[in-house]
Amino acid sequence: MEELKKTEEIYNYKDMSKFDFKDKMSKKMGFNYISWADAWDQLKLMHPTASRKVYETTDGRPYFDDGKTCWVKVSVTVCGDEEIEYYPILNHKNAAMLIADVTSSDVNNAIQRGMTKAIARHGLGLYVYRGEDLPSIDLNIDDAFSAAKTVAQVTLSQTEFDSLKEKVK
């Protein structure tokens, strides 16, 4: 009887990080995101033995809490390399939910989103999340010009500044 040779998967972060999801990205609440199904599909095409794990509390709940809000803990393993993501359970406005308001659907959504981010930690789609942890700056144009005027007055006359302001608008 012929011995079957096992093909060994090779995990290469650099190769996974080159995959482009741009045709499968969506935008919600100002954030780009990849559907969990698209992320999982691509991962399994590249690494058929990849697996995920949803961690549970000692009493079997698939989410953890601090008495006020809650989160899930999900991992994805590729070729023996486990990446863990702690993902908050969020409402439709991407704000942490109070534990009393959490439903099983909210937990499921957090698990899928956490899994997608754990996949990204392996490089697959990570670029989508760059900058999401940076604070947004809400500055209207008049405030921006007011701040710029203060700085510009050191070197520009009022006429030069007004001319510059008109060009930018």
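The legends below describe close-up views of a predicted model.

Residues are numbered from 1 along each chain as its sequence is written. In this predicted model, local features need pLDDT of at least 70 and side-chain atom pairs count only at pLDDT 80 or more, while totals for chains, interfaces and linings use all residues; side-chain values use heavy atoms, without hydrogens or water.

**Figure 1. Overview of the protein chain and its confidence.** The chain holds 5 helices and 6 strands. Helices (H or I, at least four residues) and strands (E, at least two) are DSSP runs, numbered from the N terminus. Along the sequence the pattern reads α-β-β-α-β-β-β-β-α-α-α. The average pLDDT (the predictor's confidence in each residue, from 0 to 100) is 82, and 74% of the residues score at least 70. Strand 3 has the highest mean, 98, and helix 4 (residues 141-152) the lowest, 58. Contact means heavy atoms within 4.5 Å. Of the chain's contacts with a separation of 6 or more, 57% join residues 24 or more positions apart.

**Figure 2. The largest nonpolar core.** A nonpolar core is a set of buried Ala, Val, Leu, Ile, Met, Phe, Trp, Tyr and Cys residues joined through side-chain atoms within 4.5 Å. Buried means under 20% relative accessible area, exposed over 50%, and partly exposed in between (1.4 Å probe, protein chains only). This core has 26 residues, and L43, V72, V76, I89 and I119 have the most contacts inside it. Helix 2, strand 5 (70-78) and helix 3 (104-120) each give two or more residues. Helix 3 supplies the largest share, 7 residues. Not counting residues up to four places away in sequence, L43 touches M16, A50, V76, V78, I119 and L124. In soluble globular proteins, nonpolar side chains tend to be buried together. Across the whole chain of 169 residues, 26% count as buried.

Figure 3. Q42 lies in helix 2. Q42 counts as buried because its relative accessibility is 13%. Beyond four places in sequence, Q42 touches F19, F21 and L124. Q42 and I119 are 77 residues apart in sequence, yet 9.9 Å apart in space, C-alpha to C-alpha. The structure holds 1 aromatic pair. F19 and F21 form it edge-to-face, at 4.8 Å centre to centre with 75° between the planes. Rings of Phe, Tyr and Trp (its six-membered ring) pair if their centres lie within 6.5 Å; planes under 30 degrees apart count as stacked, over 60 as edge-to-face and the rest as tilted. F21 is buried at 1% relative accessible area, whereas F19 is partly exposed at 24%.

**Figure 4. Charges over tyrosine rings.** The charged end of R61 sits over the ring of Y63, 4.7 Å from its centre. K73 lies over the face of Y55, at 4.2 Å from the ring centre. A charge sits over a ring if NZ of Lys or CZ of Arg is within 6 Å of the ring centre and within 35 degrees of the ring normal.

**Figure 5. H47 and two cysteines.** H47 lies in the loop between helix 2 (36-46) and strand 3 (51-54). H47 is buried, with 4% relative accessible area. Leaving aside neighbours within four places in sequence, H47 contacts E9, I10, Y11, M16, V78 and C79. C79 is partly exposed at 36%, and C70 is buried at 2%. The whole structure has 0 disulfides (a disulfide is a pair of cysteine sulfur atoms within 2.5 Å).
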